[in-house]
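Me: I would like to learn how to read a few features of a protein model. Please give the general idea each time, then the case at hand.

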Amino acid sequence: IGYTGAGVDVAVLDLGFWRLAEAQSLGEIPANAIPVDLVGGGIELNTPHGTAVAEQVADMAPGVRLHLILFDDDVDFENAVDYVHTNGIRIANLSVNWFNTSYYDDTGPISALINDSHDAHGVFWSVGGGNWGYRHWRGGWLDEDGDRDLSFWPSDEQLTLLPEVAVGTQACIAMNWNQYVGTPATDLDLYVHAASGAQVASSEFSQTTGGGAPPAENA
């Protein structure tokens with residue numbers, strides 16, 4: 001119906017834009033797309049994920065001018081948000097997973113940056129979510145026997161990883177809880193055990209002493 005996005009700037013923030021030049025040569029991404037490398041090693045790094053996202057934006061709105069912003073960590077991301085503000089961009093896409101920075105209830109440092117961008121500068125953020133929807137557990141604190149170990153289900157203090165992690169492979173276990181506003185009031189620790197019962201990893205940051213770590217542990 002004639003809506004092409006002409007005259008509109010859109011930012012795509014991602015962790016890699018591998019094969020970007022190839023996508024532009026094939027006409028999948030407009031030639032006037034602006035690469036913004038906040039990492040310093042060249043924008044065609046790590047993964048083609050950002051390139052694929054940019055291709056989808058271009059398919060839906062072929063007239064937009066794309067700003068392809070490469071970032072690597074939370075500091076880079078804050079600089080990316082500043083770039084969006086400085087350049088008057090009103091639409092931004094972030095299809096990246098963040099672990100242990102929010103309880104997924106609009107709190108936490110990353111959510112705060114996006115909220116401020118929207119509230120103070122009118123930026124519409126399209127944010128990906130749900131990739132790990134079937135690979136997490138969530139629930140309230142339960143400790144029937146008073147031993148200070150969480151029961152994931154009544155009288156069950158162990159959460160089995162499925163599929164099982166094979167010997168010699170790696171897994172990332174992340175835990176957080178809903179105390180991102182203010183100083184965490186609860187100090188929780190995370191322990192990972194092999195099927196034999198032997199402890200293979202742990203995370204014991206202190207949330208209530210020494211300035212207080214965020215309400216998160218990872219192993």
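Me: How many salt bridges are there by the rule used here?

Reply: A salt bridge is a side-chain nitrogen of Lys or Arg within 4 Å of a carboxyl oxygen of Asp or Glu. By this rule the count is two. The model is a predicted one, where local features need pLDDT of at least 70, side-chain atom pairs count only at pLDDT 80 or more, and totals for chains, interfaces and linings use all residues. Residues are numbered from 1 along each chain as its sequence is written, and side-chain values use heavy atoms, with hydrogens and water left out.

Me: Which residue forms a salt bridge with Asp 9?

Reply: Arg 65 does, with the closest N and O atoms 2.7 Å apart. This pair links distant parts of the chain, since Asp 9 is in strand β1 (residues 9-14) and Arg 65 is in strand β3 (residues 65-70), 56 residues apart. Strands (E, at least two residues) and helices (H or I, at least four) are DSSP runs, numbered from the N terminus. In the other bridge, the side chains of Arg 19 and Glu 22 meet at 2.8 Å, N to O.

Me: Is Asp 9 buried or exposed?

Reply: Buried means under 20% relative accessible area, exposed means over 50%, and partly exposed is in between (1.4 Å probe, protein chains only). Asp 9 has 19%, so Asp 9 is buried. Arg 65 has 37%, so Arg 65 is partly exposed. Arg 19 is partly exposed at 40%, and Glu 22 is partly exposed at 36%.

Me: What does the side chain of Asn 176 reach?

Reply: A polar contact is a pair of N or O atoms within 3.5 Å; within protein, one must be able to donate a hydrogen and the other to accept it, and residues adjacent in sequence count only if both atoms are side-chain atoms. The side chain of Asn 176 reaches the backbone oxygen of Ser 102 at 2.6 Å. The Asn 176 side chain also makes a polar contact with the side chain of Tyr 180 (3.1 Å). Asn 176 lies in strand β6 (residues 174-176) and is buried, with a relative accessible area of 18%.

Me: How many helices and strands does the protein have?

Reply: The protein has four helices and nine strands. From the N terminus on, the order is β-α-β-α-β-α-β-α-β-β-β-β-β. Phe 124 is in strand β5 (residues 124-127), and Phe 124 is exposed, with a relative accessible area of 51%.
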